[in-house]
Structures are given as structure tokens and as C-alpha cells.
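Colleague: I would like a close look at one part of this model, the helix packing. Please take it step by step and then place it in its surroundings.

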Amino acid sequence: MANRLKGKTVLITGASSGIGRSTAYEFARTAASDLKLILTARRLETLQEIAADIEKNIGKGVKVYPLKLDVSNVQEIQGFVEKLPQEFKEIDVLVNNAGLVKGVAKAPEINPLDINTMISTNVTGLIAMTQAVLPIFLKRPNGGAGDIINVGSIAGREPYQGGSIYCATKAAVRSFTDSLRREMISTRVRVIEVDPGQVETEFSVVRFYGDKEKADAVYAGCDPLTPDDIAEVIVFTAGRRENVVIADTLIFPQHQA
Ligand code: NDP
């Protein structure tokens, strides 16, 4: 696998914590030399710390470019590729991971601002990132080449009470991914979905507006996955031979079966 990631440029959204952060480390650990990572999120300082740590402690000549990018801001996304340093412009793999859930409430009670945040981050942001990066893929020979890996959720397949908007956003990711895969069939652009079940990250802290006690209660008595469990699958998928498409993976802890 290492050789197939050699020389690649990988962009990860939501790389400042959880699954995105772990995916950055996993790419760096797995790749041969010459890997370039573009790590994006809103918390630039955290990204800078991660970038410095990867370059210093994983080494292997991996180069990391931390970039402040709010995916819910379409204007920020448009044109970001042109602003990348020349050596990071030729993106090969886009991991659309940034996402969140805000609140747990029945549909009539959901705060409209939270609805907007979830849709603009999980859906519009993911689509806008895809639109920004696809032209790079499509100008390559034989119809184009590259990987788009979208992080969806089990919630996009199995909706739950109190999560109607989040579930709807992840169902939208699923539908968009499926359609795009079909649109790319005559190219070498792989369009992939990875759907986690319960993973212990900052996700629940964000869900409860920073209330750590409520967030911890979500994981009480269960054995959730770690972000590394998902990162390993993402990197394995990206490292397959070009003609091998692991299109759709659902990963959850045993207790969630
Ligand atoms: P975390 O909260 O740990 O990470 C979310 C990441 O998304 C952070 O890096 C955050 O960075 C970034 N992010 C949020 N909003 C924006 C924005 N507007 N622009 C740019 N970046 C943003 O959660 P997870 O790692 O768990 O979540 C990653 C993905 O996995 C999400 O898409 C989530 O829906 C999905 N998922 C998670 C599950 C779980 O149980 N944890 C289960 C199923 C799916 P910053 O705040 O710095 O911007």
C-alpha cells in the first residue's frame, strides 16, 4: 500500500480533531516519502500544532500545509485552490470529513440556526469542496483521476428520533456520493463513502453545545470506536489499486449491530 500513496497530495477537511486528525496521522504513517497533506478546519492553531508534530515525529519527508477553511462559507471555498502553495495544488485525494450535529430535539423544536449550521457544513460545504477540487482531477489524462472520500454516517441509513436534520444531512451526503460516482464512471475518479457508527470524539461535545458531562454520558456503558478505527479504513481505501473501488463502507462497534 505504501507505494500507492507515494507522492500523493491529500486534503482533509475537519482535520483539527477526531476522525480527520487521526486520518492525517494515518496517511502520514502509511505513506512512503513525498506525501503532502493539506489539513483544513476553522481552528488554525490546532492544525499548525498537528502539522508540526507530524513533520517532526512521523517524518518520512511528509510535508503538511495547515489551512484555515470554514466549509460552511462557500465564498471561502471558491478560489482556495488558487491560493495554495504551488507544491500543494495537485490534489489527489479529497477527504470530505468536516461535519457536526447541533442539539438533540424533535423536529418542531430544532433551532433554525442549528438547522442552517448542519446543512451548510455537512451538505453544502461537502458539495462545494468537491466542486472546488474536481476540476484538478478532471484535467488529468484518460478522463481524469483522483479520490473523493466522503465521511457520511450510519445516521444517513438509520435515522433516529431527535436527530432528524443531522440524519437528513447524512442521507443527502449518501445520495450525492452515489450520483457523483455514477457521473464519474468513465473517468478514473473514485467516489467513495465511509459511514461510521459510534466513535468517541469531540462530536458529542459539539452536539451538546460544549457540555462535557452530557457528551460523556453518550458513551457511558458502551464501547465506541476510536477515530483511528475509521482513519485506518479511509487510508486503506485510498491505497487500493486504481481500478479497485471500495465504494461504500459501514463501520460500527459490536454493541451497535
Ligand atoms: P469532531 O467534532 O471531533 O471533528 C469534527 C471536525 O470538523 C473538526 O475538525 C472541526 O474543526 C471540523 N468542522 C466543523 N465545522 C466545520 C466548518 N464549518 N468548517 C471546517 N471544519 C469544520 O467529530 P468527528 O471526528 O466525530 O466527526 C468527523 C465526521 O464524522 C463528521 O462528518 C461526522 O458527522 C462524522 N461521524 C461521526 C460519528 C461519531 O460518532 N463521532 C459517527 C458518524 C459520523 P473546527 O472546529 O476546527 O472547524
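How close do the axes of helix α6 and helix α7 come, and at what angle do they cross?

Modeller: Keep in mind that this is a predicted model. The axes of α6 (residues 112-138) and α7 (residues 164-183) come within 9 Å, and they cross at roughly 10°. Angles under 35 degrees count as roughly parallel, so α6 is roughly parallel to α7. On the α6 side, the contact is made by I115, M118, I119, N122, V123, L126 and I127. On the α7 side, it is made by I165, Y166, T169, K170, A172, V173 and F176. By class, the residues of this contact divide into eleven nonpolar, two polar and one charged.

Now turn to α2. Helix α2 (18-30) packs with helix α10 (residues 227-238) at an angle of about 50°, and their axes are 8 Å apart. Roughly parallel needs an angle under 35 degrees, and roughly perpendicular runs from 65 to 115. The α2 and α10 pair is therefore oblique. The crossing of these two helices is right-handed. From α2, the contact takes G18, I19, R21, S22, T23, E26, F27 and T30. From α10, it takes P227, D228, I230, A231, E232, I234 and V235. The residues of the contact of α2 with α10 divide into seven nonpolar, four polar and four charged.

Helix α2 also packs with α3 (44-58). Here the angle is about 25°, with the axes 11 Å apart. That angle makes α2 roughly parallel to α3. This crossing is right-handed. R21, A24, Y25, A28 and R29 of α2 make the contact with I50, I54 and I58 of α3. By class, the contact of α2 with α3 has six nonpolar, no polar and two charged residues. R21 is listed in the contact with α10, and R21 is also listed in the contact with α3.

The ligand brings α2 in again. There are 29 residues around the ligand, and G14, G18, R42, R43 and G99 come nearest. G18 is also one of the α2 residues in the contact with α10. Both α2 and α8 supply at least two residues each to the shell around the ligand. The largest share, three residues, comes from α2. The residues of the shell divide into twelve nonpolar, 13 polar and four charged.

Phi of K60 is near 55°, a positive value in a residue other than glycine. K60 has 15 other C-beta atoms within 10 Å, so it is partly exposed. Y209 lies in the loop between α8 (203-207) and α9 (212-219). Y209 is not a glycine either, yet its phi is positive, at about 55°. Y209 counts as exposed because it has 11 C-beta neighbours inside 10 Å, and the cut-off for exposed is 12 or fewer.

A145 is found in strand β5 (residues 145-151). Leaving aside neighbours within four places in sequence, A145 is in contact with F137, R140, R188 and V189. A145 is partly exposed, because 17 other C-beta atoms lie within 10 Å. The C-alpha atoms of A145 and V104 are separated by 40 Å, and the two residues are 41 residues apart along the chain.

Key. Residues are numbered from 1 along each chain as its sequence is written. This is a predicted model: local features need pLDDT of at least 70, side-chain atom pairs count only at pLDDT 80 or more; totals for chains, interfaces and linings use all residues. A residue is buried if 20 or more other C-beta atoms lie within 10 Å of its own, exposed if 12 or fewer, and partly exposed in between; C-beta atoms are placed from the backbone. Helices (H or I, at least four residues) and strands (E, at least two) are DSSP runs, numbered from the N terminus. A residue is near a molecule or strand if its C-beta atom, placed from the backbone, lies within 6 Å of it. Ala, Val, Leu, Ile, Met, Phe, Trp, Tyr, Cys and Pro count as nonpolar, Asp, Glu, Lys and Arg as charged, and the others, Gly among them, as polar. Axes are lines fitted to C-alpha atoms, for helices over the stretch in contact, and angles run from 0 to 180 degrees between N-to-C directions. Angles under 35 degrees count as roughly parallel, over 145 as roughly antiparallel, 65 to 115 as roughly perpendicular and the rest as oblique. A crossing is left-handed if the near helix is turned anticlockwise from the far one by less than a right angle, and right-handed if clockwise. Two residues are in contact if their C-beta atoms, placed from the backbone, lie within 7 Å.
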